[in-house]
Structure formats: C-alpha cells, structure tokens
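Dear colleague,

I am handing over the structure below, and I would be grateful if you could look through it alongside these notes.

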There are 2 protein chains.
Amino acid sequence: MVTKVKENERTHETCTKALIPVRDALDILSGKWKLPIILALQFGNKRFSELAKQVHGITDKMLSKELRELEMNELVKRTVYDTVPVVVEYSMTPYGETLEKVIEELQIWGAQHRKRIIRKGK
Amino acid sequence: MVTKVKENERTHETCTKALIPVRDALDILSGKWKLPIILALQFGNKRFSELAKQVHGITDKMLSKELRELEMNELVKRTVYDTVPVVVEYSMTPYGETLEKVIEELQIWGAQHRKRIIRKGK
DNA sequence: CGGTATCCCTGAGGATACTG
DNA sequence: CAGTATCCTCAGGGATACCG
C-alpha cells in the first residue's frame with residue numbers, strides 16, 4: 001500500500017512536470033485569434049489593416065490586443081515606418097517560426113481526426 | 001492590382017484550410033482539464049476517484065463532463081465493472097494514444113519557451 | 001463509488017464610437 | 001492608418017448539495 005501511495009505521488013509529480021510546458025505552449029496558441037494571425041503572417045508580412053481583412057471576423061480591438069501579446073512573446077515583430085500616414089508592418093520573428101513544427105503536428109492530427117469524425121457521421 | 005487581390009484571396013483561402021484542422025485539434029486539447037486528464041491516463045488506467053485525486057483541483061462535475069467529451073471523441077474508454085459498489089475504469093484508447101506525438105511537440109516547444117522567458121526575466 | 005442538479009461568477013471576446 | 005475607450009454578452013468553469 002505504501003508502494004502504491006508512492007507510485008501515485010510519483011505519477012502526479014511526473015504529470016505536473018509534463019503538464020506545465022504543454023500549458024505554456026497552449027497559452028500561446030489557444031484563444032480565438034492567435035493562430036489565425038500567425039498563419040496569416042506565415043504567408044508574408046502584413047500591415048494592420050491587411051491583417052484585419054484577412055483574419056476574418058476579428059475586430060480592431062482584438063487584433064491589436066493579440067498582436068501586442070504575440071509581440072511580447074517575441075513571436076511577432078512590429079515595425080513602424082515613419083511615413084505620413086504612418087505604416088506599421090507585422091512579421092514573424094525567427095523565433096515565431098519555431099512554432100511551425102508544433103502547428104504542423106496539430107494540423108496533421110486535426111485533419112486526420114476530422115476525417116474520422118466524418119466517416120463515423122455517415 | 002487585380003493580381004494582388006487574387007493573391008490575397010488565395011492566401012486567405014489557404015489560411016482557412018490550414019486553420020480548420022488546427023482548430024479541431026485544439027478544441028480537443030484546450031480547456032483547463034482535458035490535457036491533465038489525458039496525461040494522467042497515459043500513466044495507466046484509473047478509476048473516477050483516482051483521477052479526481054490526481055488531477056489536482058478538478059471538481060467531480062468537471063471531471064465527469066470532460067471524461068464524457070473525451071469518450072465521445074473516442075480518446076478515452078469507459079469500462080464499468082458490475083461489482084457492488086460499482087467500479088468504473090477509464091483508459092486511453094489506441095486512438096487516444098495517437099495524440100502522443102502532438103502533445104510531445106507541445107511539450108518540447110513549451111519547455112524551450114519557458115527557458116527562454118526565464119532567461120529574459122533575469 | 002461515481003456521478004447529477006443548481007446556482008453563481010469571472011473573463012474572453014464582441015459592438016460601437018472615437019483619436020493622434 | 002492604426003489603433004483606444006467603453007460598455008456589454010455569454011459560456012467555461014467553480015461551489016455546494018444531493019442521488020442510485
């Protein structure tokens with residue numbers, strides 16, 4: 001019994017350790033808008049208004065907020081060109097690009113899952 | 001200009017196509033409790049009350065609800081043993097195990113991101 | 001033991017209007 | 001153009017009590 005208790009404790013500990021980084025990653029990717037923005041930027045640098053158009057349904061407020069967060073995490077770079085009127089360009093940072101593999105795995109699994117669900121549905 | 005418009009349309013379309021499966025995958029993994037439960041089950045089959053203990057902080061209601069959803073997606077299997085009192089065992093399905101790679105990628109990226117943040121913090 | 005039923009609260013996100 | 005400011009809604013999740 002003592003052994004079993006220790007086993008559970010160890011399991012719990014190990015789970016927690018595994019969980020924290022996964023949470024960290026998901027905190028960055030989850031929410032309604034971060035991924036749409038990232039995907040849009042992976043196709044090339046974009047200005048605020050271009051993103052507002054291409055990320056369908058997003059409001060200015062959300063776009064602004066999400067970009068700020070992505071910038072704080074150094075996934076996205078914000079460049080201000082000193083023109084009149086001002087032009088602001090957003091781009092992925094090299095660090096942001098390291099997300100590619102994670103996103104790809106999500107995409108692969110998700111696509112496969114969708115097929116499965118549809119198959120069952122019929 | 002026409003070219004540019006077409007380009008944007010294509011980009012938008014491609015983004016949407018890439019986005020849907022990623023969303024599908026995240027819908028399964030996001031939320032506060034699904035991953036903790038999955039990780040716990042990856043260490044072995046567990047009964048309801050064992051999960052309630054090991055998934056720290058979860059309420060019965062949430063555990064029940066999340067398990068039902070995981071079961072509906074065929075990621076988790078629920079087995080009822082006809083004893084008195086009744087025993088219910090939860091386990092990962094083979095399909096559920098296919099999530100391993102995705103979770104691993106999230107974990108790798110998250111761990112690396114955490115290191116980065118901590119380094120900056122100092 | 002393995003859950004439901006209720007009621008409640010917070011915060012993510014939306015709508016709209018405004019600004020340097 | 002590139003955002004802020006304000007106000008509002010709603011669903012995810014918590015607390016507590018109860019049930020076969």
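Where is the place of E74(B)? E74(B) sits in the loop between α4 and β2 of chain B, where helices (H or I, at least four residues) and strands (E, at least two) are DSSP runs numbered from the N terminus. Its phi is near 60 degrees, a positive value in a residue other than glycine, and at 29% relative accessibility E74(B) counts as partly exposed (buried means under 20% relative accessible area, exposed over 50%, and partly exposed in between, with a 1.4 Å probe and protein chains only). Most residues other than glycine have a negative phi, and most peptide bonds are trans.

Please bear in mind that this is a predicted model, in which local features need pLDDT of at least 70 and side-chain atom pairs count only at pLDDT 80 or more, while totals for chains, interfaces and linings use all residues. Residues are numbered from 1 along each chain as its sequence is written, chains are lettered from A and ligands numbered from 1 in the order in which they are written, and side-chain values use heavy atoms, with hydrogens and water left out.

In chain B, strand β2 (residues 76-81) and strand β3 (residues 87-92) pair in the antiparallel sense over 6 bridges (two strands pair if DSSP finds at least two bridges between them), and R78(B) has Y90(B) in β3(B) as its bridge partner. A hairpin of 5 residues joins β2(B) to β3(B); P85(B) is found in this loop between β2 and β3 of chain B, and the peptide bond from V84(B) to P85(B) is cis, with omega near -5 degrees.

Sugar and phosphate account for 73% of the atoms of DNA strand D that come within 4 Å of the protein. A polar side-chain atom of D60(A), by contrast, lies 3.1 Å from a base nitrogen of DNA strand D. α4(A) gives the most to the surface near DNA strand D, with 4 residues.

With best wishes

Terms used. Near = heavy atom within 4 Å. Polar contact = N/O pair within 3.5 Å; in protein donor to acceptor, adjacent residues only side chain to side chain.
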